[in-house]
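Subject: A structure for you to explore

Hi there,

Here is the structure I promised to pass on to you. Have a look at it first, and then read my notes below.

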Amino acid sequence: MGLVEYVVAAVVTIFAAVYGVILFFRHQPRLPVESELKYITNDKTQKTYDLPERLSSRLKPCERTKELSVIIPCYNETKRLGKMMDECIEVLRKQYDQDDSKFEIIIVDDGSSDGTGAYALLLADELGLKPHTMKVVTLAKNRGKGGGVTHGLLYSNGKLSLFADADGATSFGDVSKLIDTFKLSQDDDDTIDIVNPMIAIGSRSHMVNTDAVVKRSFIRNLLMYGLHTLVYIFGIRDVKDTQCGFKMFNVESVRRIFPHMHTERWIFDVEVLLLGELQGIPVKEIAVNWQEIDGSKVDLARDSIEMAIDLVVTRLAYLLGVYKLDECGR
């Protein structure tokens, strides 16, 4: 066998090995079970109600009845959700002239063991929300933050949809900045563009040298910069902060992106942006106010390794055609 044959054989072997590794580590999210297609609300009955029809990339969405859906993925969040909801509802009522019918809150309880879902309904009563303004969806089995966000967005009913972290680390008052990017006119027209897909994401990149970041532990900052480097190497180069848990989509971008989502763990934000990039969906990065909040569910060592693996697998899976724009092969 000559040199050329050896080189070809080596290349084929390496490619086959990489392809095999990607197949082994790829994600195939499960379909929702019947109970996950329903929600409960604060109407004192414990009755379950059907969620709207699931958004699909193959079908045009039904008419949206809400101006904004806020999706909050929760896993054991009874200690942090209250403060976040106080600010959230205050800001939304101001945004929509005290008309609660213009928005909905979707709490996706990702298999909590501390009664997060029931606590959310108590908060709805305390905040004076009418039934069906807050919807609590309980996942039968923990899926991860990305899985919870994806589920909530696919069954949302808003012209715009925002996912926000339950810890309230990002100032909810900045939601108006994100909403403004979707207006057809930046003067006095409040009409939202739901035809042309677009993404608006909160960004903390302007805070790199502030106390909120500088005073974090050395290992947290090291891992943060390491992740940013990997994200840059594997293709997301126009977005400075991919991981901020404050991202907004119009219904058309939700329809084009989230039916195809594979990743359900922490690095799902990167797949969201990759799917947007593959389809030419513009992304606008908006500076937001943010602070470190105690109680993070991230295990630094374990989750950092998983995030690195998921990032590499996700990027290579799209490059090699393992992942496609085919609603996860369904």
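Which residues line the second largest cavity? They are M84, E87, A164, D165, D167, G168, A169, T170, F172, G245 and F246.

Before going on, a word on the ground rules. This is a predicted model, in which local features need pLDDT of at least 70 and side-chain atom pairs count only at pLDDT 80 or more, while totals for chains, interfaces and linings use all residues. Residues are numbered from 1 along each chain as its sequence is written, and side-chain values use heavy atoms, with hydrogens and water left out.

Back to the cavities. On a 1 Å grid over the protein atoms alone, a cavity is a set of points where a 1.4 Å probe fits but cannot get out, and a pocket is an open set with protein on both sides within 12 Å along at least five of seven lines; lining residues have an atom within 4 Å of a point. Grid points are joined across faces, edges and corners, and a volume is the space filled by probe spheres set on the points.

There are two cavities of 30 Å³ or more. The largest cavity holds about 170 Å³, and 19 residues line it, with R30, R54, R143, T150 and L154 closest to its centre. Its lining has nine nonpolar, five polar and five charged residues (Ala, Val, Leu, Ile, Met, Phe, Trp, Tyr, Cys and Pro count as nonpolar, Asp, Glu, Lys and Arg as charged, and the others, Gly among them, as polar). The second largest cavity, the one I asked about, has a volume of about 60 Å³, and its lining splits into five nonpolar, three polar and three charged residues.

Now for a pocket. The second largest pocket has about 220 Å³ of space. Its lining residues include E67, Y96, D97 and K102, and the whole lining counts three nonpolar, one polar and five charged residues.

As for the chain itself, ten helices and nine strands make up its secondary structure (helices are DSSP runs of H or I with at least four residues, strands runs of E with at least two, numbered from the N terminus). Of its 330 residues, 48% are buried, meaning under 20% relative accessible area with a 1.4 Å probe, protein chains only.

Finally, an unreviewed UniProt entry lists residues 6-25 as "transmembrane region". In the model that span is 100% helix, and its end C-alpha atoms lie 29 Å apart.

Enjoy exploring!

Methods: Buried means under 20% relative accessible area, exposed over 50%, partly exposed in between (1.4 Å probe, protein chains only). UniProt positions are given in the numbering used here, feature names are shortened, and annotations may be inferred rather than shown by experiment.
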